[in-house]
Amino acid sequence: MTHCGLVAVLGAPNAGKSTLVNALVGQKVAIVSPKAQTTRARLLGVAIEGETQLLLVDTPGIFEPKRRLDRAMVAAAWGGTEGADILALVVDGKGGVGPKVTEIAEALAGRPEPKLLVLNKVDVADKPKLLTHAERLNAIVPFADTYFVSAQTGDGLPELKRALAAAMPAGPWHYPEDQVSDASERALAAEVTREQLYLQLHAELPYAAAVETEKFTDRPDGSAEIHQQILVERPTQRAIVLGKSGVRIREIGARARAELATLLDRPVHLYLHVKVKPGWDEDRDVYRDIGLDWVE
């Protein structure tokens, strides 16, 4: 008999939620960077364990919102928990239990859904402190179980995946066996380029950029032609993205193109354009394009 259910993956920024979702799916579906708050919209990864299909909602990190974009990201995070069969709180085992984590745990305490605690990054964490973190959080929330894992190395993931599968209700699968995400190719292309912006410029370019896929067409030879616009707020930021003599934008494009060719399993022609758009994070159309709901 088949089973299928929704797992909401929650936590503070940089807990390793996207890395965990990618590891459970078995391939990349969510972008990852060392920078906190990389995930903006809720993203669904599809994992299979035996006869069970796990629908994993990778949510943005929950933090104290300061701008409209922040509020939209936090709303997407909590919105991703709606209808979940199980809530998985992912905590950075190395970073420990600070006020952000405690606040999220307190918000989960009154929720009726079954809850699991996932202490991540155990490969780099102080082992004795992990038990202290687990005790502190279990005192706030009645977790059904606690798992110590490393999304990076794979430690503890088979046990976690089996436990998630065992908690899913009986029912038909929602997606074909070979589908790993609900993201469209257009959305995936924008996320891959945004990841490269973060990886290559995270020190110089904070959250002041968005990527829109303006055109995605199939060429007669089967390759994909993708035109994207990188939105920044100021001319100085445009200069950072372009780099001296356009070196940086070419490197961003080359790496994004190589990754997209692998993910889409076909050749990719990627064209990037950097546009200065002051206040893009107050533009309703941009929110729609990057998969976030507008919040007042």
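Tutor: One term to begin with: angles under 35 degrees count as roughly parallel, over 145 as roughly antiparallel, 65 to 115 as roughly perpendicular, and the rest as oblique. Also, this is a predicted model.

Student: ok, so at what angle do α7 and α8 cross?

Tutor: The axes of helix α7 (residues 235–242) and helix α8 (residues 247–264) cross at roughly 60 degrees and come within 5 Å. The two helices are therefore oblique to each other.

Student: which residues make the contact?

Tutor: From α7, Ile240, Val241 and Leu242; from α8, Val247, Arg248, Ile249 and Ile252. Six residues of this contact are nonpolar, none is polar and one is charged.

Student: Stepping back, how many helices and strands does the chain have?

Tutor: Nine helices and nine strands. The chain has 296 residues, and 52% of them count as buried. Its accessible surface comes to about 13,400 Å², with 52% of that belonging to carbon and sulfur atoms.

Student: what's in the largest nonpolar core?

Tutor: That core has 27 residues, and Leu89, Val91, Leu117 and Leu137 have the most contacts inside it. Two or more residues come from each of β1 (3–10), β2 (43–49), β3 (52–58), β4 (86–92), α3 (99–109), β5 (115–120) and α4 (127–140). Another core, of 23 residues, lies apart from it and includes Val9, Val25, Tyr147 and Leu157.

Student: what does Leu89 touch?

Tutor: Leaving out residues up to four places away in sequence, Leu89 touches Leu10, Gly11, Ile104, Ala105, Leu108, Leu116, Leu117, Val118 and Phe143.

Student: Last one, Lys94. Buried or exposed?

Tutor: Lys94 is exposed, because its relative accessible area is 57% and the cut-off for exposed is over 50%. Lys94 is found in the loop between β4 and α3.

Student: what does Lys94 touch?

Tutor: Asn120, Val124 and Ala125, not counting residues up to four places away in sequence. As for Ala15, its C-alpha atom is separated from that of Lys94 by 9.3 Å, though the two residues are 79 apart along the chain.

Notes. Residues numbered from 1 in each chain as written. Predicted model: local features only at pLDDT ≥ 70, side-chain atom pairs only at ≥ 80, totals over all residues. Heavy atoms only, no water. Core = buried A, V, L, I, M, F, W, Y, C linked by side-chain atoms within 4.5 Å. Buried < 20%, exposed > 50% of the residue type's maximum accessible area, 1.4 Å probe, protein only. Helix = DSSP H or I, 4+ residues; strand = E, 2+ residues; numbered from the N terminus. Contact = heavy atoms within 4.5 Å. Axes fitted to C-alpha atoms, helices over the stretch in contact; angles between N-to-C directions. Nonpolar A, V, L, I, M, F, W, Y, C, P; charged D, E, K, R; others polar. Areas by Shrake-Rupley, 256 points an atom, 1.4 Å probe, with all protein chains shown as cover.
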